[in-house]
Amino acid sequence: MSLAFLHAHDCSEPHTDAVWGVSWTATDNTLSISADGAIKQWSAQTGQPAPANATFPAPHTLAQVSLSVSPEGDKALYNSIEGLTCLWDLGRGEVVGRYESYARVKDNAEPSWSVSLNPKGETYASTGGSGNVWIHSAKSDTFGERLATLPSNRSKFGMFCAHSPDGKRIAMSSETGQIFIFDLETNTLQSTFTSHAMSVRSVSWSYDSSLLLSGSEDKRLVLHDVRSAGNAVASFAGHASWVLSVGLSPDGKLGLSGSADKTIKVWDIAARAAVSTIQETGEVWSVSWRPKPPAHGSPGAFASGGEDGVVRWWRGAGGA
C-alpha cells in the first residue's frame with residue numbers, strides 16, 4: 001500500500017534559522033520554535049500568523065530547543081538551549097511563566113533540555129544532563145519550582161521527555177538509547193526499554209496512552225507497548241540517517257518521522273512498512289500530526305519544520 005501526501009502550503013514568514021520544533025494544536029493552529037530564538041503561532045489552514053496581527057514573545061538570544069503544547073491548544077511551554085523555560089498563554093497572548101533552570105540556586109540544579117507540559121496543566125517535567133526527570137510547578141505564581149525528582153539511576157543525558165495523554169506517565173529517552181517510563185501517581189520508575197543502540201531523539205504516545213513510538217540516531221523507529229514489561233512491539237527501518245522526530249496519528253494507524261536524511265516518512269503501523277516518502281531540501285527536525293481525527297477515507301494531515309526555517313503543511317490525498 002502507498003499513500004500520497006500533498007504539499008498544502010508554507011508559513012508566510014519563515015524563521016531566519018532552522019525550525020527545531022512544531023506542534024499542530026487542537027485549535028487548528030501550529031506552533032513553531034527555532035534556532036533563531038523565536039516561537040510563533042500559525043494558522044494551519046493558511047500559514048499566516050495567528051491570530052492576525054499577533055504579537056509573539058520577543059525572540060530569545062539563543063536557540064529554542066523544546067516545545068510542548070496543552071491538549072486544548074491554549075498554552076505552550078518552551079525551553080531554550082541554555083535552559084530558560086517559558087509558558088506562553090496563547091489566549092491572553094502573554095508569557096505567564098519564566099524559569100531560569102541554569103541558575104545555580106540549589107546545589108543539584110541543572111539546566112533543562114527537554115520539557116513537557118502535563119496534560120492536567122498543574123505541572124511540567126524537564127530532563128537534561130543528569131538523566132533524571134524533574135517535576136516543576138506550572139502555576140504562574142510558583143512557575144519552575146521543583147516538586148519532585150524521578151531518578152533513572154543512569155547518569156546519561158536526557159534527550160526528550162513527554163507525558164502520556166492521560167497524564168499518568170512520562171517517558172524520557174537518553175543519549176545511550178534507553179527509554180524510561182515513570183509512573184506519575186507513585187513517582188517511580190515503571191519500566192525501561194533498551195530497543196535502540198544510539199541516542200533516542202524523540203518519542204510520541206498513542207492517544208490512548210498504551211503505545212510509545214521512538215526515533216533514534218540508529219536510523220530506526222520502534223513501537224513499544226507500555227502496558228507490558230516486554231520490549232519492542234515493532235521496528236521500522238528505512239531512513240538513511242538519524243531519526244529526529246516521530247509522531248503517531250490520532251487513530252494510531254500511521255507513524256510519522258522526520259530525519260537528517262532530508263526525508264519525511266509515513267509508516268503503516270500494522271504493515272510495519274513505509275507507505276509514503278517526501279523528499280525535503282534539508283534535515284527535517286520536527287513533524288506533528290493534526291490532532292483532529294481525519295475524515296473517513298483520508299490519512300490525515302501533518303506539519304513539518306526543518307533546516308530551511310520553513311513550516312510546511314501536508315495533507316493526505318482525499319482531504320484532511
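Ser 209 counts as buried because its relative accessibility is 3% (buried means under 20% relative accessible area, exposed over 50%, partly exposed in between, with a 1.4 Å probe and protein chains only). The model is predicted: local features need pLDDT of at least 70, side-chain atom pairs count only at pLDDT 80 or more, and totals for chains, interfaces and linings use all residues. Residues are numbered from 1 along each chain as its sequence is written, and side-chain values use heavy atoms, leaving out hydrogens and water.

**Surroundings of Ser 209**
- Ser 209 lies in the loop between strand E17 (200–205) and strand E18 (211–216); strands (E, at least two residues) are DSSP runs, numbered from the N terminus.
- Not counting residues up to four places away in sequence, Ser 209 touches residues including Asp 166 and Arg 169 (contact means heavy atoms within 4.5 Å).

**Aromatic pairs**
- Rings of Phe, Tyr and Trp (its six-membered ring) pair if their centres lie within 6.5 Å; planes under 30 degrees apart count as stacked, over 60 as edge-to-face and the rest as tilted.
- The count by this rule is nine aromatic pairs.
- Trp 20 and Trp 285 form a tilted pair, 5.8 Å centre to centre with 50° between the planes.
- This pair links distant parts of the chain, with Trp 20 in strand E2 and Trp 285 in strand E25, 265 residues apart.
- Trp 20 is partly exposed because its relative accessibility is 27%, and Trp 285 is also partly exposed, at 22%.
- Phe 56 and Trp 88 form an edge-to-face pair, 6.0 Å centre to centre with 80° between the planes.

Note on methods
Helices (H or I, at least four residues) and strands (E, at least two) are DSSP runs, numbered from the N terminus.
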